[in-house]
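Please keep the sequence and the structure in view while reading.

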Amino acid sequence: MSLLEIENLSIRYGAEAVVAGLSLTVEQGESVGLIGESGSGKTQTALAVLGLLPGAARLGGSIRIDGKEVIGASEAELNRLRAERVAIVFQDPLQALNPYRRIGSQLRQVLIAHDIAHAAAADEQVLEMLARVGLPDPKRQARAFPHQLSGGMRQRVLIASALLTSPDLLIADEPTTSLDVTVQAQILELLEDLRDETALLLITHDLGIVAGTCERLAVLDAGRLVESGPTRRVFAAPESGRMARLIAVAPRLDRGDTLPPVTGDPVFAVRDAEVAYRERDGGRLLNAVCGVSFDVRRGETLAIVGESGSGKSSLVRAALGLAPLASGRLAFRGEPLPGSLRDRSLSTRRELQLVFQDPVASLNPQMPVAAIVDEPLSLHRPELGVAERRETVAAMLDRVGLGGEYHRRYPQELSGGQAQRVAMARALITEPSVLVCDEAVSALDGRVRRQILSLLKDIQRETGLATVFIAHDLAVVRGIAHRVLVVYLGRHVELASAANLFDKPQHPYSRALIDAVPVPDPVAGGAGTPLPGEPPSILDPPSGCAFEPRCRFAHARCAKEAPFVRQVRGARVACHRADELDLSLRAP
């Protein structure tokens, strides 16, 4: 008898079947990956196992935990199941955690609600679990609110919360989707460490995560199981067309051509940018960006990469006039550019456009798609009549793959990929010269991500669009960027061509980011290598090199003296030891 047995499961909402005829097992201590594109039924299956589906859902088939039926169980029986046998880690820790309660209080409530421990014993178990999942200084973190922790720390808190009840089965629903590669590698290592005592059902669309973490996998397509089996066998010889296509579109850091350099004068340039924020109530100054420079040429994509909190978004928002620039110089088409958006001409604002990370949050929920795309056109092209604008909007929406049936829909009626296409259309409708994409594809599954990236490449070829592409997924960056700027704690680390960076990085941090990326092949790569430790606080940065506390190549000079940016083997690097280190990934 398996720990989890799902037999002929169906989930329906009215006439629509979101899961149909699914059969799946998970054994004690086993790790199984449940993969598929958005809308394939992965999360619905997980919620069904825990009895958390909404009342409108109609279930058929059977779900058994150690032989006990879940479908049709009473609320009291389901509460015991969640307390004693099965736990879940959700995708977004900020939404899953209560923003008004301290971390320790939230975890303590789990123990109290399930009558597992009380008073001092509960507090002790909470601290022990926070230490077990790798949170530094558990006593201090227990007193923190969710917003005071990094993304990786919050995800560790969710895992700690799930493990407090000592479940036999842990369901992890896209636990690393929005995390940068170094934190992702840490979370995957933690899940791997738990496998001896807890079975794992890992839900994801990232084949690299499955390849390095799961012994078996199951592939869903439109709610139906199309393939399952040992991970190595399925990757080596997929039997279904869906799995073969998922493998084909999965970005890989270990192979593929990089784009050649682009020549010409910069269209948009940032020199010695400094961005600082004052703490509330006139507190200390937070130096989010410290003297970073970059430029982008016509027809070029410059990627900016680094961990969460490295200053990527602050840098480009200040460059676009959306955040205060403490010091530095900006230029557009060779002419000085005012730092404040209010001081820029309407034509300049039209030519510098931004696509945000969360498309649904950036779209007005009270406006239909066509009106959202038309709004910037009516501002920047007032000479166009209503009919001309309607035709232009329809052409742009068609260009991004959204036909007339989407024009009257509202953002909440769109999938993540469709909403991102609307955001792209809104930015591109003004025919900009520079497009900034801030983590614009980080939450999209492989097929939709590839479509969005192909669209960007096509438009760049046709119009010469200059693109600044902020990302934490280096495998995606390898396929779209001509040059890459690596930043850490608001500081320049390395600027190099994509070919040089991914073959012969010159800075230890660049190499650590590359090593942390999982490869979608259980034989060639698998899970990435975690970078130990957490980035220092920007309130109290190291006195020397910002990366020194986490660098395995650091020596005494690194702790005392901040490195200058200098030219080393075709890259602009800030590292005292760049001349002597060989960090190549491939033999020359």
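The sheet to begin with is open and has 4 strands, in the order E12-E11-E14-E15, with antiparallel pairing. At its edges lie strand E12 (285-297) and strand E15 (335-336), each of which pairs on one side only. The model is a predicted one.

Strand E14, residues 327-332, pairs with E15 in the antiparallel sense over 2 bridges. Within this pairing, Ala331 stands opposite Pro336 of E15. Helix H12 (residues 312-319) packs on this sheet and touches strand E11 (266-278), E12 and E14. The direction of H12 makes about 115° with that of E11.

**The mixed sheet**

Another open sheet has 8 strands, in the order E16-E17-E18-E13-E19-E20-E22-E21, and its pairing is mixed. Its edge strands are strand E16 (352-355) and strand E21 (566-568), and each pairs on one side only. From one strand to the next, the twist averages 20°.

How do strand E13 and strand E18 run, parallel or antiparallel? Strand E13 (residues 301-305) and strand E18 (residues 466-471) run parallel and are joined by 5 bridges. Leu302 has Val468 in E18 as its bridge partner.

H12 also packs on the sheet that contains E18, touching E13, strand E17 (434-438), E18 and strand E19 (483-488). Here the direction of H12 makes about 150° with that of E18. A further helix, H21 (residues 508-515), lies across E13, E19 and strand E20 (491-497). H21 runs at about 105° to E19.

| Helix pair | Angle | Axes apart |
|---|---|---|
| H15 (residues 369-380) and H16 (residues 386-399) | about 115° | 10 Å |
| H4 and H5 (residues 119-132) | about 115° | 9 Å |

H15 and H16 cross in the right-handed sense. On the H15 side, the contact is made by Val369, Ala370, Val373, Asp374, Leu377 and Ser378, and on the H16 side by Arg389, Thr392, Val393 and Leu397. These residues divide into 6 nonpolar, 2 polar and 2 charged.

The crossing of H4 and H5 is right-handed. H4 makes this contact through Ile103, Gly104, Leu107, Arg108 and Leu111, while H5 contributes Ala119, Ala122, Asp123, Gln125, Val126 and Leu130. By type, the contact residues of H4 with H5 divide into 7 nonpolar, 2 polar and 2 charged.

**Pockets and cavities**

Rolling a probe the size of a water molecule over the atoms shows where empty space is left. The second largest pocket has a volume of about 590 Å³. Its lining is made of 22 residues, and those nearest its centre are Ile88, Val110, His114, Ser161 and Ala162. Sorted by type, the lining of the second largest pocket has 14 nonpolar, 6 polar and 2 charged residues.

Which helix gives the most to the lining of the second largest pocket? That helix is H4, with 5 residues. Strand E6 (86-89), helix H4 (103-113) and helix H7 (151-163) each supply at least two residues of this lining.

The lining of the second largest cavity divides into 11 nonpolar, 2 polar and 2 charged residues.

Key. Residues numbered from 1 in each chain as written. Predicted model: local features only at pLDDT ≥ 70, side-chain atom pairs only at ≥ 80, totals over all residues. Heavy atoms only, no water. Pairing = 2+ DSSP bridges. Contact = heavy atoms within 4.5 Å. Axes fitted to C-alpha atoms, helices over the stretch in contact; angles between N-to-C directions. Nonpolar A, V, L, I, M, F, W, Y, C, P; charged D, E, K, R; others polar. 1 Å grid on protein atoms, 1.4 Å probe; cavity = no way out; pocket = protein on both sides within 12 Å on 5 of 7 lines; lining within 4 Å. Points joined across faces, edges and corners; volume = space filled by probe spheres on them. Left-handed = near helix turned anticlockwise from the far one by under 90°.
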